[in-house]
Amino acid sequence: MRRAGFAAGTLLTLALATAAPWPAAERIGVGRVFLPLAPVRVYPTLEPPGTPTALPVRRRTYRPTTAETLADALSRPEALVVPAPGTYKLTRPARVAAGVALGGKGLVTVTGYGLRLYDAHDADVYDITFRDCKGDCLEVKRSYRVVLANLDVSHASDGLLDISGGSTVSVLDTRFHDNVRGLLCGNWQKPNDGREKLVLDRVTFERVNVRTPKAQDCDVVARDLVVLEAREWPVDARGSSIVILNGFRWEGMKINPPGWRTEGAAVVRVLE
């Protein structure tokens, strides 16, 4: 059962109010999933203002064995999708419906194309490898309370993760690697779509040239962020972004401290 969530502004209010490391996920409003099967949020997630907490739902379980049946299962709202171990080569991006929980138990790889989480409120994706994607491997748009956990994401023709449309996303225990572009939060071309909010908890970027991450008018809280062998600034904050770092390490780059750049009215703060 999901507990009542924080108001969206609570994320930054709590982080700015404390100078000590966060003792628990409750402090930053990180969503959690119960692995390896049924995802259950035991901590508050990022709730947009005025949005009531969803009531428990009765899920139907799908166990796809082909790329076609996987895409079909992901399109069904509130589905619990547990693919058989193996590699699934998508022939087009797969749309993920609201409330879907996709769990791979560390035995599932998705290639060819990635996932599109459009209006996919309360969706969870965990324990899956994404690689060799045409376009973005993962795209989240107009979606609240999305949780991406224990993922390995690499080799895309565009970015590894793109977040826009006022989405609120938690990324946990995930590795992004071996790509030109990493994670983009926000869209400067559509500034009126809403303000994105992103939590990064124990996320690593390795051999990703840019966007590790990049924030454009987006609020970001990152704990234990690691950036290895990037080509540009490890953290890139632009527009009116607010980025809060707690536990930030970067190595293998010819870049002077502090390891980030700001543009416009963007602010980066480090919690010691």
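This is a predicted model: local features need pLDDT of at least 70, side-chain atom pairs count only at pLDDT 80 or more; totals for chains, interfaces and linings use all residues.
## Contacts around Gly259

Two residues are in contact when they have heavy atoms within 4.5 Å of each other. Leaving aside residues up to four places away in sequence, Gly259 touches Trp233, Pro234, Val235, Phe248 and Trp250. You'll find Gly259 in the loop between S19 and strand S20 (260-262); strands are DSSP runs of E, at least two residues, and they are numbered from the N terminus. With a relative accessible area of 0%, Gly259 is buried (buried means under 20% relative accessible area, exposed over 50%, partly exposed in between, using a 1.4 Å probe and protein chains only). From Gly259 to Phe248 is 11 residues in sequence and 9.2 Å in space, C-alpha to C-alpha.

Residues are numbered from 1 along each chain as its sequence is written, and side-chain values use heavy atoms, with hydrogens and water left out.

The pLDDT is the predictor's confidence in each residue, from 0 to 100. Its mean over the protein is 82, and 76% of the residues reach 70 or more. Residues 1-55 have pLDDT below 50, though this stretch has 133 contacts in the model beyond near neighbours in sequence.

## A pair of rings

The structure holds one aromatic pair (ring centres of Phe, Tyr or Trp, the last by its six-membered ring, within 6.5 Å; planes under 30 degrees apart count as stacked, over 60 as edge-to-face, the rest as tilted). The ring centres of Phe176 and Phe205 are 5.1 Å apart and their planes sit at 15 degrees, so this pair is stacked. Phe176 belongs to strand S13 (residues 168-181) and Phe205 to strand S15 (residues 196-210), so the pair ties together parts 29 residues apart in sequence. Both Phe176 and Phe205 are buried.

## Arg238

At 16% relative accessibility, Arg238 counts as buried.

Technical notes. Helices (H or I, at least four residues) and strands (E, at least two) are DSSP runs, numbered from the N terminus.
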